[in-house]
Amino acid sequence: MRYISFLAACVALLPSTISADSNLSEPHSSQQILPDNFKPPQVFQNVNLLRNTNLEKGYVRETVNVVIENVDSKPQSEYYIPFSVDVIGNVGGLEVRDKKTPGPSFKTELVEYDPYSPTQFFRTTLPQPLTPKSQLTLSITYHILSTLTPLPFKIGQNDRQYLRYTFSTYTPSAYPTLKQKTKLKFSTPDVPDAIGGSPERQGSTFTYGPYNDLVPAGALEPASVRYEFTKPVIHATLLERDIEVSHWGGNLGTEERYWLTNQGAHLKDNFNRVQWAAAQYYKPPTSALRDLNVPLKVGSLNPYFTDDIGNVSTSRFRSNKREANLELKPRYPVFGGWKYSFRIGWDADLESFLRVVKSPEGGHVLKVPFLEGPKMGDGVSYGKVELQVILPEGAKNVRFETEVPLVRVEETVHRSFMDTVGRTTLKLTAMNVADEARDKPLIVTYDYPFSAAFRKPVTIFLGVAAVFLTAWGIGRLDVSIGKQS
């Protein structure tokens, strides 16, 4: 089981910024192979470490601020971050930055040395080697999906839901730590169980430490908490997102297909529709998913909402000069363990997303959000995201840039009505994505020659002409049986 989790992690996490040439079709890989007897060199020590764990959403968000010091006699630039093999396959959005100096995140990659080891590592390369006895403050952020478990596993339809989170009061580190502290932030002060450690409780915040004694590298202190979370734990096992660019129509068409599930507590009894309808008058907290709110860009038009049965009429679209919101209500409440698949789509003015660059080849720059979809206070996580950007027929020299870690990049051809050679399509695949990626853009640049713009009308003209010529030719045929006079 550990080996399978590690293999999943090897393809799930990549450097934070990637760009691709138009002929790139091989998957990116950040996996680095190291010797089986590898151990991180003890060239650093953590002088002071503060870990903030946020449990206000349906997944775990962690920020580790640590002051590192080079204790070696030579400059060092490689810092290792350990994770348990059972967890690393669910880690996403890992970024390492200099906390005191704003700038891009550091290069971070997954390393492999023994697939059966209980601990695996990410390796961060500092932009400048740290000289002996020098210090640097790092900010390490990431999220962990599908690691919260409901306890009890089954509850009544109107019961409160509690989740359990298991962790270590000592922050896992490949280096000794002189001083550290761990803070847990809950969405409610209702935390009936806290096993391990002696936390200081202050409202909805638990503090473990400070630990002022030297903690050796790899030291762990198991602990767990059980806290109230009477909200849906929304997880999309798969999201397929298509963005179609139409130069002739001046339109940017978007369609998203979701496979949602609720990872919360299951119902211990059968669903009671009457009880559910009666509760809607005062709307108490519930672990079921009742509705979804999808903020769209201002000016979005023609939204639709369908599922496996057909059109879903329980939706509402509100649009004005300041906002555009698509409010969705599934056909049934989605309780723990239940699933719901649907699709939504909308149009937008292409001018708001596309810029033309003056160049002989007709350069274009497209800037769109990597992720849109539902925006919920409870959080939404995605196991796998497949994004397709369908460019106009004749587009070439495709480049892109995004901060979202990717596991696969492909350039394919999408054929639709009246196409000749097909439309150039950029397909990006990401794993373990959280709704925080909504704020991260995807920038696609491509060349679209002036002659390519006339490919479609010429094709339509030739098609219509061929139909008339064929009809005229058939009309000129003599299909009579008798002899000509």
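Me: What share of the contacts in the protein with a separation of 6 or more comes from residues 24 or more positions apart?
Reply: This is a predicted model, in which local features need pLDDT of at least 70 and side-chain atom pairs pLDDT 80 or more, while totals for chains, interfaces and linings use all residues. Residues are numbered from 1 along each chain as its sequence is written, and side-chain values use heavy atoms, without hydrogens and water. A contact means heavy atoms within 4.5 Å. For residues 24 or more positions apart, the share is 77%.

Me: How many helices and strands are there in the protein?
Reply: Both are DSSP runs numbered from the N terminus: helices are H or I with at least four residues, strands are E with at least two. The protein has three helices and 31 strands.

Me: What percentage of the 485 residues of the protein count as buried?
Reply: Buried means under 20% relative accessible area, exposed over 50%, and partly exposed in between, with a 1.4 Å probe and protein chains only. Of the 485 residues, the buried part is 49%.

Me: Where does Pro 152 lie, given that the peptide bond from Leu 151 to Pro 152 is cis?
Reply: Most peptide bonds are trans. The bond from Leu 151 to Pro 152 is cis, with omega near 5°. Pro 152 lies in the loop between strand S9 (149-150) and strand S10 (154-155).

Me: Which strand holds Pro 210?
Reply: The peptide bond from Gly 209 to Pro 210 is also cis, with omega near 10°. Pro 210 is found within residues 205-211, which form strand S15.

Me: Is Lys 133 buried or exposed?
Reply: Lys 133 is found in the loop between strand S7 (119-130) and strand S8 (135-144). Its phi is near 65°, a positive value in a residue other than glycine. With a relative accessible area of 71%, Lys 133 is exposed.

Me: What is the phi of Asn 302?
Reply: Most residues other than glycine have a negative phi. Asn 302 lies in strand S21 (residues 301-307) and is exposed, with a relative accessible area of 53%. The phi of Asn 302 is positive, near 50°.

Me: Which residue has its backbone oxygen 2.9 Å from a polar atom of the side chain of Thr 424?
Reply: Thr 424 lies in strand S30 (residues 423-434) and counts as buried at 13% relative accessibility. Not counting residues up to four places away in sequence, Thr 424 touches residues including Val 389, Leu 391, Val 398 and Glu 411. The backbone oxygen at 2.9 Å belongs to Ala 395.

Notes:
A polar contact is a pair of N or O atoms within 3.5 Å; within protein, one must be able to donate a hydrogen and the other to accept it, and residues adjacent in sequence count only if both atoms are side-chain atoms.
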